[in-house]
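Hello,

Here is the structure I said I would pass on. My notes follow below it.

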Amino acid sequence: MKARIVDLADVLKIVDLLRGRGYDVFAPFCGRGRDTFFDTVTDANRQQVQIHLPNPYYPPKRFVFPHIERLMKVRGPNGDMKIEPIYQERQRAVFGVRSCDVAGLWHLDRFYLGRDFRDVYYEKRRKNLFLVNVVCTDPARDIGDDCFCLCADTGPAARDHFDLQLMDLGDGEFMAVAGSPAGEELFSEPIFRKATAAHLERRRAILAGVRRSFRITTSWFPATVRYVSQGTILDKTWEEIGNRCLECGGCTYVCPACTCFTVSDRQVGPEEVERVRIWDSCALSGFTRMAGGFNPRRAVHDRRNRRFFRKLAQYFIQRELDMACVGCGRCAAVCHGDIGMPSVVEMIRRAAPETAQNEPAQH
Ligand code: SF4
Ligand code: SF4
């Protein structure tokens, strides 16, 4: 991967270059208080684009997998029916995607495109997406108390699956790394100059310092993956976890690696129906309710254990080549019951000695 240096004063010119190449560019902005969000960059708001800020709760997965997506229109009277698929094929670039979210998008790629069935709606959005990863280097502004990309091995600097990566080296300089031919093509622009050995050394030193600044650095994942995969977690542990769930669905809606959706038809005109897909949540009782009303996962803890099985079981890790948790910490931040991923992993580990496997036989 080629590296270049760009001055702080020129970093936002990358946004301009992408807009000049025909991309709709989205970037992070500050809202009120802790609130931050991705929005379309325009001439009017370009100066307000932020580089160091808390990661938005609403994840950038919506650029490939929107929370509501129109799939097709069906129209026409008296059986003279026309079906028109609706594809989003504009070129889009997202500036300021954190490393955990780059890993989240890769996880979605594996799910929607990595198997026999390829999701055509996802594919069209994904192939037109340019990702500018910004490495979290400012512990005060970039890294929250709930972040644990170190444990999920997704950050602070993404290793791949971006087009361009930017990292603040301090002293008014950023390092740019190309992750794709489209990213490398930008290096022909005069704002980029060659990196020296000293720049690479600064990058290494900054990353070493950033890693030390994370509050959570102990990964309890491996044993939890084993317990979840072997099914050795006692029901009472799942019940303890499930009893803390308010069934709001927040954890799944903010998760950059959750993939579930439901499909619904809605009347949009006298002779027109639209088919949409909408994010769904395994926390909600309707998620597993069948047409006749029977629900095999009626109890909340049955639905909660499903979420962690899906994210941590060996079967899915082998299938998707990674865990469906990238360590963004969003579920920990939004859950009123304090059963985000780090807490659940901890609860499972602390309850581990009680599992049937570990108990001595009486005879
Ligand atoms: S955010 Fe917490 S309370 Fe809400 S559905 Fe998820 S686990 Fe349950
Ligand atoms: S499970 Fe939680 S911490 Fe892991 S990727 Fe999803 S929202 Fe982030």
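How many helices and strands does the secondary structure of the protein chain come to? It comes to 13 helices and 12 strands. Please keep in mind that this is a predicted model.

First, the overall shape. The C-alpha atoms fill a box of roughly 70 × 70 × 40 Å along the principal axes. The radius of gyration is 22 Å. A compact globule of 363 residues would have a value near 21 Å, so the chain agrees with that expectation.

Next, packing and surface. Of the 363 residues, 51% count as buried. Take the contacts between residues at least 6 apart in sequence: 71% of them join residues at least 24 apart. The accessible surface comes to about 17,700 Å², and carbon and sulfur atoms account for 51% of that area.

Charges: the chain has 53 positive and 46 negative side chains. The centres of the two sets lie 1 Å apart.

Strand β7 (residues 129-134) runs parallel to β8, joined by 3 bridges. There, Val-132 has Leu-164 of β8 as its bridge partner.

Strand β9 (residues 173-178) pairs with β8 in the antiparallel sense, over 6 bridges. Gly-170 is partnered with Glu-173 in β9. The two strands β8 and β9 form a hairpin with 2 residues between them. Asp-171, in the turn, has a positive phi of about 50°.

Best regards

Note on methods: Residues numbered from 1 in each chain as written. Chains lettered and ligands numbered in written order. Predicted model: local features only at pLDDT ≥ 70, side-chain atom pairs only at ≥ 80, totals over all residues. Heavy atoms only, no water. Helix = DSSP H or I, 4+ residues; strand = E, 2+ residues; numbered from the N terminus. Rg over C-alpha atoms; globule rule 2.2 N^0.38 Å. Buried < 20%, exposed > 50% of the residue type's maximum accessible area, 1.4 Å probe, protein only. Contact = heavy atoms within 4.5 Å. Areas by Shrake-Rupley, 256 points an atom, 1.4 Å probe, with all protein chains shown as cover. Lys, Arg positive; Asp, Glu negative; His and termini not counted. Charge placed at Lys NZ, Arg CZ, Asp CG, Glu CD. Pairing = 2+ DSSP bridges.
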